[in-house]
Amino acid sequence: QVQLVESGGGLVQAGGSLKLSCTASGRTFSSYPMGWFRQAPGKERQFVAAINWSGGSTYYADSVKGRFTISRDNAKNTVYLQMNSLKPEDTAVYYCAADRQFPLRTGPDYWGQGTQVTVSS
């Protein structure tokens, strides 16, 4: 069992930056590919970024390529999402996820509770 807790969301102006963190419980964190999804009001949850177990391979949605960076620190059981050049359309609840597969499935094994990111214009 893996429990995921996100932090770092908030309100930021367009063009600004935020860094999300997701800390996992359990000693098997380093064996799981990890990722981030987001869900805007009235829309379906969508994939944002994923990272394999070692951190050596990453995968991004086209909408965030070049602006967002996913990373992980297995010693701290934590995965990060650095978000730069934020746009109002990035406003959403961001969810951390852990899955047995890489890239992550749309229905990964574990979800966090989500953290709100709001980008004002």
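These notebook entries record what I looked up in the structure, which is a predicted model.

**Entry 1. Strand E3 and its neighbours**

I began with strand E3, which spans residues 18–24. Of its 7 residues, 5 are buried, so I noted the strand as largely enclosed by the rest of the structure. I then looked up its pairing partners. Strand E1, residues 4–7, is joined to E3 by 4 bridges, and the two run antiparallel. Within this pairing I found Val5 bridged to Thr23 of E3. Strand E8, residues 78–83, is also antiparallel to E3, with 6 bridges between them. Here I recorded Tyr80 of E8 as the bridge partner of Ser21.

**Entry 2. The disulfide**

I next asked how many disulfides a search of the whole structure finds. The search returned 1 disulfide. Its partners are Cys22 and Cys96, with an S to S distance of 2.1 Å. The angle about the S-S bond is -80 degrees, and the link of Cys22 and Cys96 is left-handed. Cys22 belongs to strand E3 and Cys96 to strand E9, so the pair ties together parts that lie 74 residues apart in sequence. Are the two cysteines buried or exposed? Cys22 has 0% relative accessibility and therefore counts as buried. Cys96 likewise counts as buried, at 0% relative accessibility.

**Entry 3. The nonpolar core**

I then turned to the largest nonpolar core, which has 30 residues. The residues with the most contacts inside this core are Leu4, Met34, Trp36, Leu81, Met83 and Tyr94. I also checked which strands contribute to the core: E3, E4 (34–39), E5 (46–51), E7 (68–73), E8, E9 (92–98) and E11 (115–120) each supply at least two of its residues.

**Entry 4. Aromatic pairs**

A search of the whole structure gave me 5 aromatic pairs. Phe37 is in strand E4 and Phe47 in strand E5, 10 residues apart, and the pair links distant parts of the chain. Phe37 is buried, with a relative accessible area of 3%, whereas Phe47 is partly exposed, with a relative accessible area of 21%.

The other pair I examined is Tyr95 with Trp111. The centres of these rings are 6.2 Å apart and the planes are at 80 degrees, so the pair of Tyr95 and Trp111 is edge-to-face. This pair too links distant parts of the chain, with Tyr95 in strand E9 and Trp111 in strand E10 (residues 110–111), 16 residues apart. Tyr95 counts as buried at 13% relative accessibility, while Trp111 is partly exposed, with a relative accessible area of 31%. I noted finally that Phe37, Phe47, Tyr59, Tyr95 and Trp111 form one aromatic cluster.

**Entry 5. Charges over rings**

Which rings have a charge from Lys19 or Arg72 over them? I found the charged end of Lys19 over the ring of Tyr80, 4.6 Å from its centre. Tyr80 is the residue I had recorded as the bridge partner of Ser21. Arg72 lies over the face of Phe29, at 4.6 Å from the ring centre.

Terms used: Residues numbered from 1 in each chain as written. Predicted model: local features only at pLDDT ≥ 70, side-chain atom pairs only at ≥ 80, totals over all residues. Heavy atoms only, no water. Buried < 20%, exposed > 50% of the residue type's maximum accessible area, 1.4 Å probe, protein only. Pairing = 2+ DSSP bridges. Core = buried A, V, L, I, M, F, W, Y, C linked by side-chain atoms within 4.5 Å. Disulfide = S-S within 2.5 Å. Phe/Tyr/Trp six-rings, centres within 6.5 Å; stacked < 30°, edge-to-face > 60°. Lys NZ or Arg CZ within 6 Å of the ring centre and 35° of its normal.
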